[in-house]
Amino acid sequence: MQTPLDLPLARHGIIVLLLGLLTGFGIPRFHDPHLGNAAHLVGLIGGFGLVAFAALWRVLNLGRSWSAIGVWLSAASMYLSWLGLVLLGVFNNGFWPRAGQLAVMLGAWLSLFAASVVLVG
C-alpha cells in the first residue's frame, strides 16, 4: 500500500512549522521585530506549504532520483528562508535596508534603467 503523503517532506514541513511557532515567542527579543514577524510567518506558511506539497508529491510521478532531489531542495529552501530571516532579525544593525527603503532604491534604479532604454532605443 502506498502512503498518500511523502513522509520525509511532511516531516520537514512539520519541523519548519514548529520552528515558525517557536519564533513567534521570540519576536519581542529580536533587534528588528518586523523581521522576527517575517521569520515567524515564513516558518508557518512554509511549513504548511511543505505539508501540502507532500500531499501532492506523489501525483508528480517524478523518477526516484529527481524526487529525492526535489524533496531535499524544497525542505532546504524553507529551512534557509526561515534561518536567514531569523539571523537578519537578530543581528540586523541597520546595514540592510527595510522593504520600503529597498523599494525606493530599486524604483530609482529601475527608472534610471527605463530612461536609458528609452534614450538609447
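The structure holds one aromatic pair, where pairing requires ring centres of Phe, Tyr or Trp (its six-membered ring) within 6.5 Å. The rings of Phe53 and Trp57 have centres 4.9 Å apart and planes at 80°, so the pair is edge-to-face (planes over 60 degrees apart; under 30 counts as stacked and the rest as tilted). This is a predicted model, in which local features need pLDDT of at least 70 and side-chain atom pairs count only at pLDDT 80 or more, while totals for chains, interfaces and linings use all residues. Residues are numbered from 1 along each chain as its sequence is written, and side-chain values use heavy atoms, leaving out hydrogens and water.

- Phe53 is partly exposed, with a relative accessible area of 32%, whereas Trp57 is buried at 7% (buried: under 20%; exposed: over 50%; partly exposed: in between; 1.4 Å probe, protein chains only).
- Trp57 lies in the loop between α2 (33–56) and α3 (64–91); helices are DSSP runs of H or I with at least four residues, numbered from the N terminus.
- The C-alpha atoms of Trp57 and Ser67, ten residues apart along the chain, are separated by 8.3 Å.

**Helix α3**
- The 28 residues of α3 should span 40 Å at 1.5 Å a residue, and the end C-alpha atoms are 40 Å apart, which agrees; the expected span is 1.5 Å times one less than the number of residues.
- Buried residues of α3 include Ser67, Gly70, Trp82 and Gly89.
- The cover over the buried residues of α3 includes α1 (7–25) and α2.

Terms used: Helices (H or I, at least four residues) and strands (E, at least two) are DSSP runs, numbered from the N terminus. Contact means heavy atoms within 4.5 Å.
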